[in-house]
Amino acid sequence: MLLTPDFEARPVINFQHVHKTYPTGTEALRDINLEVPEGDFLFLVGPSGAGKSTLVRLLIREEKPTKGKIFVDGVELGRMKRRKLPFYRRKVGLVFQDFKLLPNLTVYENVAFALRVLGEPDHKVQSRVAEAIDTVSLSGKEHTYPANLSGGEQQRVAIARALVHAPRFIIADEPTGNLDPATAWEIMQLFLRINARGATVVMATHNREIVDLLRRRVVAIDAGQIARDDRSGRYHDDFAQSQVRAK
Amino acid sequence: MILRNLKFALNSAWQSFWRNLAVSLAAVVSITLILVLAGVNLLVGHAFSQVLDGFRQKVSEISINVSDDTPLQTVYDFKQQLEGDPRVTSVRFITKDEALAQFKSDPQNVVLAQQIEGNPLDAKLEVHVANLGDVAAIDTLARRWSGVDPTDPTNYQGDFVNRMLELSSWLSLAGVGLLLILLVVSVVIVMNTIRTAVYHRRKEIEVMKLVGATEWFVRGPFVIEGVMTGLIAAAIALGLLVVAYPPAVDRFKADIGFIPLSYDPAFISSLAFDLLLAGAMLGALGSYIGVRRFVRI
């Protein structure tokens, strides 16, 4: 069953006039206003250097905004105390382009790692990890090390790790960036399933085909500003133009 | 949950210690050397304090020579007066005969004793003073007493006592200074070792932070690893010192016989406690500082 986001409800993610300028003077984001309702599936698109990754870093509170406020689940991230940050991150599942798997741990151990950090008991770890590995269709590869997996399989492990603690938000930064089109599509299916279970997904991507095919909400960022916010959008605002560009 | 986290931290620390064995061993060797130096410092300090205690014992006992014509009652009265003084722990009256017998019993005085005719020695009041600093006051009191031998009132040597007290405080200060330098050096060594370990595991730390590990969850294994390194180094240093201590004392005694240095097995347990505690604390502190910058969420 597909969950339809309620755009009238109170947003779970809310950017209010957010600016981000790095100490080097680079102005990465300017006056970002963005509301994301619970259960939404949102693509962040835009050219390299547009500010997508900065927006993701702000969302996981690796960076603080220079100006403006970011609310997630009613809590303002900029004012959040450092000691509370780990507990916020436990609500979030993170997926990255470079997978960020630990090479000396097996598939099972990598996924279990997210639960060990939370201090979950062994029996809970076992059942949840088995379920997550099953969700990403990697059963049978539990004892394999990341080096012996394909790129797509490694990204599945990363997704299993991101969803094993049942987070309310999944934040993905170019999750298909290192994958071939067929594998990228498989990975997207996984994200759709996770979203269908109720998790809000925010994904920064360059993958035009996927964005155009899925027709989900698209927020385009250009030169640090929101250039477009379509509820059912495409990678480029002018589809015909994008076709020309693609050719 | 705390137990589970502790188990995770212990496992993690143990794995990290072995995974970075070369770096871990380098740290163990460096800290061992420092703890051996610290241990030698403690042992030498202890030996000298034993020697100084012996001297203190001697100089905190003052011998008051009683003039031959002093009536016995006067002596007893003064003895009683001294015994009532809170600064005095004991007073012993030694008669002329006892003083002579004591003199003769000393093997150093054999030749001299044969030449003595009659008994030229004074009767004595041997007064033991609780605090070395009060000996001078008791000496003054004795010199004012009517029964004291005016030609040789007491055996008190103020200058010697003062010099010894001064030497003792300088030695303690030097010991403490040396210990402090050694402590700082070892903290820096552990800090750098742990930084190397942290660098090797930076990816793991990044993932830990991203999945919601608390700072202490990330830091815990490194602090435990530091404590482990410190304890192993302390155990090795202790072993080396225990083996080397008795022969070193024997050698010292053979070379510099006039300083009454002695082997004190009872001090070993105190040394063991100090070294193990220092090793654990240094390891923990070095790791805590070394890892701080990297684990900050």
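In chain B of this predicted model, buried residues make up 32% of the 297 residues. The chain holds 10 helices and three strands, and, read from the N terminus, its elements follow the order α-α-β-α-β-α-α-β-α-α-α-α-α. Among the contacts of chain B with a separation of 6 or more, 86% are accounted for by residues 24 or more positions apart.

Chain A has eight helices and 10 strands, and 44% of its 247 residues count as buried. When contacts in chain A between residues at least 6 apart in sequence are considered, 68% of them join residues at least 24 apart.

The two chains touch each other, and to this contact chain A gives 16 residues and chain B gives 16 residues. On the side of chain A that touches chain B, helix H2 (85-89) and helix H3 each supply at least two residues, and the largest share, four residues, comes from H2(A). Sorted by class, that side of chain A consists of 10 nonpolar, one polar and five charged residues.

Helix H3 of chain A deserves a separate look. Nine of the 10 residues of H3(A) are buried, so this helix is largely enclosed by the rest of the structure. The buried residues are Val107(A), Tyr108(A), Asn110(A), Val111(A), Ala112(A), Phe113(A), Ala114(A), Leu115(A) and Arg116(A).

In soluble globular proteins, nonpolar side chains tend to be buried together. Here the largest nonpolar core has 118 residues, and those with the most contacts inside it are Leu44(A), Val111(A), Ala160(A), Ile170(A) and Leu35(B). Helix H9 (residues 215-255) of chain B contributes the largest share of this core, 13 residues. Leu35(B), if its neighbours within four places in sequence are left aside, is in contact with Ala233(B), Ala234(B), Ala237(B), Leu275(B), Ala278(B) and Gly279(B). A second, separate core of 16 residues includes Ile64(B), Val66(B), Val75(B) and Phe78(B).

In helix H8 (residues 202-210) of chain B, the residues Glu204(B), Val207(B), Met208(B), Lys209(B) and Leu210(B) are buried. The cover over the buried residues of H8(B) includes H2, strand S6 (92-96) and H3 of chain A, together with H9 of chain B. Just after H8(B), Gly212(B) takes a positive phi of about 100°.

A positive phi is found at other kinds of residue as well. Most residues other than glycine have a negative phi, and most peptide bonds are trans. Arg61(A), although it is not a glycine, has a positive phi of about 60°, and its place is in the loop between helix H1 (52-59) and strand S4 (67-72) of chain A. Arg61(A) counts as partly exposed because it has 19 C-beta neighbours inside 10 Å. Lys100(A), likewise not a glycine, has a positive phi of about 55°, and Lys100(A) is found in the loop between S6 and H3 of chain A. With 18 other C-beta atoms within 10 Å, Lys100(A) is partly exposed.

A last stop is Glu27(A), which lies in strand S2 (residues 27-36) of chain A. Glu27(A) has 14 other C-beta atoms within 10 Å and is therefore partly exposed. Although 196 residues separate Glu27(A) and Ala223(A) in sequence, the two are 8.8 Å apart in space, C-alpha to C-alpha. Leaving aside its neighbours within four places in sequence, Glu27(A) is in contact with Thr21(A) and Gly224(A).

Terms used: Residues numbered from 1 in each chain as written. Chains lettered and ligands numbered in written order. Predicted model: local features only at pLDDT ≥ 70, side-chain atom pairs only at ≥ 80, totals over all residues. Contact = placed C-beta atoms within 7 Å. Nonpolar A, V, L, I, M, F, W, Y, C, P; charged D, E, K, R; others polar. Buried ≥ 20, exposed ≤ 12 C-beta atoms within 10 Å, placed from the backbone. Core = buried A, V, L, I, M, F, W, Y, C linked by C-beta atoms within 7 Å.
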